[in-house]
Amino acid sequence: PLDMVLLSLREQPEKAPEVALSNDPPKIFFSTRPASLVVFGGEPVMAPVTGTSLTVAVNTNWDVFFETGTKTWFLLNNGGWLAAPDAQGPWMPAGRLLPAFSSLPAVANFAGVRKQIPGRTLTAQTAPTVFVSTVPAAIIVTNGQPQFVAIPGTSLQYVANSDAALFRDRDGR
């Protein structure tokens with residue numbers, strides 16, 4: 001009823017608490033060759049892998065491991081293994097995997113990883129460029145230099161050699 005609505009307008013409801021929001025754009029990475037973006041939710045958080053000298057990153061959706069003896073990072077990327085001296089890289093083909101990987105527990109969490117041992121052979125030419133971020137980020141990959149194509153009837157162009165939806169106006173903005 002109208003009386004109830006009017007009565008509720010007279011009462012001062014508690015002010016909802018303000019929530020801090022960030023409208024900052026994500027960090028953008030760009031590559032003209034095959035590339036991957038590994039995003040950690042902050043600095044890498046590692047958990048020990050029972051029965052091995054490995055730890056596994058738990059704050060990313062990538063299979064990232066650290067081997068404590070050699071102090072080497074390992075990344076499973078599209079069936080191939082990359083290694084680096086630091087989580088930030090530089091990432092290079094891992095070559096032969098360490099024996100610790102053969103000791104990964106036979107549990108559901110590692111089933112997909114175990115299927116990729118020893119993994120697809122990568123070379124410096126076939127290995128993707130790996131970008132790493134500890135803050136929200138996005139990646140744009142083109143097959144070579146961007147190829148801009150005009151959109152008929154508009155002042156816009158799109159990038160034809162990328163899976164990303166990339167547009168600009170004829171002035172390059």
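Trainee: Which residue in β9 does Val39 stand opposite?

Mentor: Strand pairing is read from the residues that face each other across the two strands. In this predicted model, Val39 stands opposite Ser133 of β9. The strands concerned are β2, residues 35-39, and β9; they run parallel and are joined by five bridges.

Trainee: How many of the residues of β9 are buried?

Mentor: Burial is counted residue by residue along the strand. Strand β9 covers residues 129-133, and four of its five residues are buried, which leaves the strand mostly covered.

Trainee: Where is Ser36, and is Ser36 buried or exposed?

Mentor: Ser36 belongs to strand β2. The cut-off for buried is under 20% relative accessible area. Ser36 has a value of 11%, and therefore counts as buried.

Trainee: Which residues is Ser36 in contact with, once neighbours within four places in sequence are left aside?

Mentor: A contact list shows what packs around a residue from elsewhere in the chain. For Ser36 the list holds Trp62, Asn77, Pro128, Thr129, Val130, Phe131 and Ile139. With Asn77 there is also a polar contact between the two side chains, at 2.9 Å. A separate reading is sequence distance against space: Ser36 and Val141 are 105 residues apart in sequence, while their C-alpha atoms are 8.8 Å apart.

Trainee: Where is the place of Thr60, and what does its side chain reach at 2.9 Å?

Mentor: Thr60 sits in the loop between β4 (54-57) and β5 (63-67). Its side chain reaches the backbone oxygen of Val39 at 2.9 Å. A polar atom of the Thr60 side chain also lies 3.4 Å from the backbone nitrogen of Trp62. Beyond neighbours within four places in sequence, Thr60 is in contact with Val38, Val39 and Phe40.

Trainee: How many bridges pair β12 with β13, and which residue in β13 does Tyr158 stand opposite?

Mentor: Three bridges pair strand β12, residues 156-159, with β13 in the antiparallel sense. Tyr158 stands opposite Phe167 of β13.

Terms used:
Residues numbered from 1 in each chain as written. Predicted model: local features only at pLDDT ≥ 70, side-chain atom pairs only at ≥ 80, totals over all residues. Heavy atoms only, no water. Buried < 20%, exposed > 50% of the residue type's maximum accessible area, 1.4 Å probe, protein only. Pairing = 2+ DSSP bridges. Polar contact = N/O pair within 3.5 Å; in protein donor to acceptor, adjacent residues only side chain to side chain. Contact = heavy atoms within 4.5 Å.
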